[in-house]
Every structure is written in structure tokens, then in C-alpha cells.
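Here is a short note for a colleague opening this structure for the first time. The points can be read in any order.

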Amino acid sequence: MSFHQESILLSYRHSFHAGNFADIIKHIVQVEILEHLTKKDKPFTYIDTHSGAGLFNLNSEHARKLEEYAGGISKLEAQDWPELARYFEVIAEHNDGNAEGAYYPGSPLIAQDFLRGLDKAWLYELHPEDFQRLKHNIGHDRRVQVKHEDGFKGLLGLVPPPARRGLVLIDPSYEIKADYDQVFKVVNTAYKKFSTGTYAIWYPMVNRQQIDDLERNFVHSGIRDIQRFELGLAADSHGHGMTATGMIVINPPWGLMDKMSAVLPKLVDVLGESDEAFYKADVLVAE
Ligand SMILES: C[S@@+](CC[C@H](N)C(=O)[O-])C[C@H]1O[C@@H](n2cnc3c(N)ncnc32)[C@H](O)[C@@H]1O
């Protein structure tokens, strides 16, 4: 990686974006998968290749600068979404004693909520400050390893985990265009060693061609059982900002498609910013 690439990569701070519409679809899918994994007694492994700081104060200077949460989590009221009870419960746990509900948990703290005695989590974060925050936010937890290392490399070194079941969440910022290719290559390699794991890959829809290419790579990879969920607030803008966002899920748990097919139209109604708001919930590759 060149110095230029590294400085672009480390300029991204999730604290400016926490609780936005992309976090909502990402974390709903994450919660559904984790709920499913905890239904069986057998331990599971959670791997977060791009963890971020883990907990975000929506009243912070960063969050208030762009106020992306205002078009996201602030628009959802827990009582209107019984089907998302567990997702709202996790958020509420991180706002215990805080009536304003000013905290939004990131993927590592959401995962921590689901870990049982023998489950394990591996969290990777490259940004030095966010790594320190993440360590602090996770606290002392023997089940969790927090690594100041490249999550792509970390993942490849961990698979297959001894538990042989688990979730790999891949959530880069895609500020380096090479991330799109790297995501595919790393997942394809990891899958060959750990084909029973569930992989949830987040993507921003800024340029449709890039997403079409990413999906085509997966469709032609030989990997079976892939679903795709996408939420668009407006029509594709062809390079002018993130208008839609989605998740590609390999080995999705039973029930995920039904849940997302019920939730996504409601998210379109509540979060959509134009008549052209849309969703996709489809099977990219059958089982
Ligand atoms: C979109 S944010 C993660 C948000 C988090 N997954 C969540 O849902 O709360 C991406 C994070 O990945 C970090 N990062 C970028 N490249 C990385 C890499 N190769 N390995 C590990 N972390 C990386 C960035 O510093 C940033 O904090």
C-alpha cells in the first residue's frame, strides 16, 4: 500500500456517519445473523474486518457536523418496528440511563452483546485513534481480540475458525477504489477455507457500475447461496454521493430474506428522500 493510499484510508472516520441510513440496513442484517447464530448452543466466531470505534456519541462535534443520523436512526421509532425489537434493544442498552438516546453502537459493540461464554470475536481497526477508542469501548472481555491490524489480512489468517460457524462482517469505507476488488478477492479466498461461515459485505452505491461489477464477481465465483439487500433513498446519481447502500450476504440464515423483504419497504417509506426511493431483496445465487 502506498503512503497516499494509507493516508486516504485513515482519513475516514465513522464518527461523522454513525447512525445514518447505511448503518441501519447494515446493523439490521448483522443483528438478524447474530440472533440466528445464538439459537444453537454451539459456539460461533465473529470477525469484523473494519470495526471502527464501536460506540458513537450523536451529540459529538463529528456527528453534528453532517447530522447524517438525522436522516437515519433519528427517523425510526422503536415502537413502530416490532420486527426489529432486538436491534432497538441493543441500541437501548447503550443508552441506559441516557434519556436522549444519544449513543449509537457500531458493529463491534453490537456483536459483543450477542457473545456467550465460548463465542469469540476478532475485531480489526487500522486507525490509531479509533483503535484506542474501540479497545476502551469493548473493555476487558476475554472473548474478544481487538487488533490494530489490516482486517483483510487478519481474516485470511483466521479462517477456518475452530468453531466452524460464525459471521464475517466486511465494512470498508471504499475510499480506495481498489477496495471493491479486494473485498471480492479476500472473501473468495476466505470462503475456500471457511465455506460454512456467513459473510456480510456492506457496500455504498455511489457508482452503479462498481456495484454491478462487484455483484457479477460474486455471481461468477462459484460461491452458492448469496442474497443481496439494498436500500435507495433516491435514484442512482452516477457518482454524486451515496444514494443507496446494500449488503451482500453469503450463507444467509433462514428467515433473513423474509425479514428484509418485510422491513425494507417500510424503510423506503420512512427514510426515502424522493419518489424514486427503492429497495432490492433478492437471491443473487441460489443455494
Ligand atoms: C465504515 S467504518 C466501520 C464501521 C463499523 N463496521 C460499524 O458498523 O460500526 C470502516 C473502518 O475501517 C477502518 N479501516 C480501513 N481500512 C482498514 C483495514 N484494511 N483493516 C482494518 N480497518 C480498516 C477505518 O479506519 C474505519 O474505522
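Two strands pair if DSSP finds at least two bridges between them. With that in mind, here are the points. Note that this is a predicted model.

1. **Strand S4 and its partners.** S4 covers residues 120-124. Strand S1, residues 45-48, is joined to S4 by four bridges, and the two run parallel. Here Thr45 stands opposite Lys120. Four bridges also join S4 to strand S5, residues 144-147, and this pair too is parallel. S4 is mostly covered, with four of its five residues buried.

2. **Helix H5.** Is this helix enclosed or open? Seven of the eight residues of H5 (residues 107-114) are buried, so the helix is largely enclosed by the rest of the structure. The buried residues are Ser107, Pro108, Leu109, Ile110, Ala111, Gln112 and Phe114.

3. **The ligand shell.** Look next at the ligand, which has 20 residues around it. The closest are His50, Gly52, Gly106, Ser107 and His127. Ser107 also belongs to H5, where it is buried. By type, the shell divides into six nonpolar, nine polar and five charged residues.

4. **Helices H2 and H4.** How do these two helices cross? The axes of H2 (residues 21-37) and H4 (residues 85-93) come within 9 Å and cross at roughly 105 degrees. Angles of 65 to 115 degrees count as roughly perpendicular, so H2 is roughly perpendicular to H4. From H2, the contact uses His27, Ile28, Val31 and Glu35. From H4, it uses Arg86, Tyr87 and Val90. Together these contact residues are four nonpolar, one polar and two charged.

5. **Lys75.** This residue sits in the loop between helix H3 (61-66) and H4. Lys75 touches Val270 and Leu271, leaving aside residues up to four places away in sequence. The C-alpha atoms of Lys75 and Gly272 are separated by 11 Å, although these residues are 197 residues apart along the chain.

6. **A cis peptide bond.** Please check the bond joining Val159 and Pro160, which is cis. Its omega is about -5 degrees. Pro160 lies in the loop between helix H7 (151-158) and strand S6 (166-170).

7. **Positive phi at Asp225.** Phi of Asp225 is near 60 degrees, a positive value in a residue other than glycine. Asp225 is in the loop between helix H9 (208-219) and strand S8 (226-232). Asp225 counts as partly exposed, because it has 15 C-beta neighbours inside 10 Å.

8. **Positive phi at Asn251.** Asn251 is a residue other than glycine with a positive phi, near 55 degrees. Its place is the loop between strand S9 (244-250) and helix H10 (256-271). Why does Asn251 count as buried? Because Asn251 has 22 C-beta neighbours inside 10 Å, and 20 or more is the cut-off for buried.

Conventions:
Residues numbered from 1 in each chain as written. Predicted model: local features only at pLDDT ≥ 70, side-chain atom pairs only at ≥ 80, totals over all residues. Axes fitted to C-alpha atoms, helices over the stretch in contact; angles between N-to-C directions. Parallel < 35°, antiparallel > 145°, perpendicular 65-115°, else oblique. Contact = placed C-beta atoms within 7 Å. Nonpolar A, V, L, I, M, F, W, Y, C, P; charged D, E, K, R; others polar. Near = placed C-beta within 6 Å. Buried ≥ 20, exposed ≤ 12 C-beta atoms within 10 Å, placed from the backbone.
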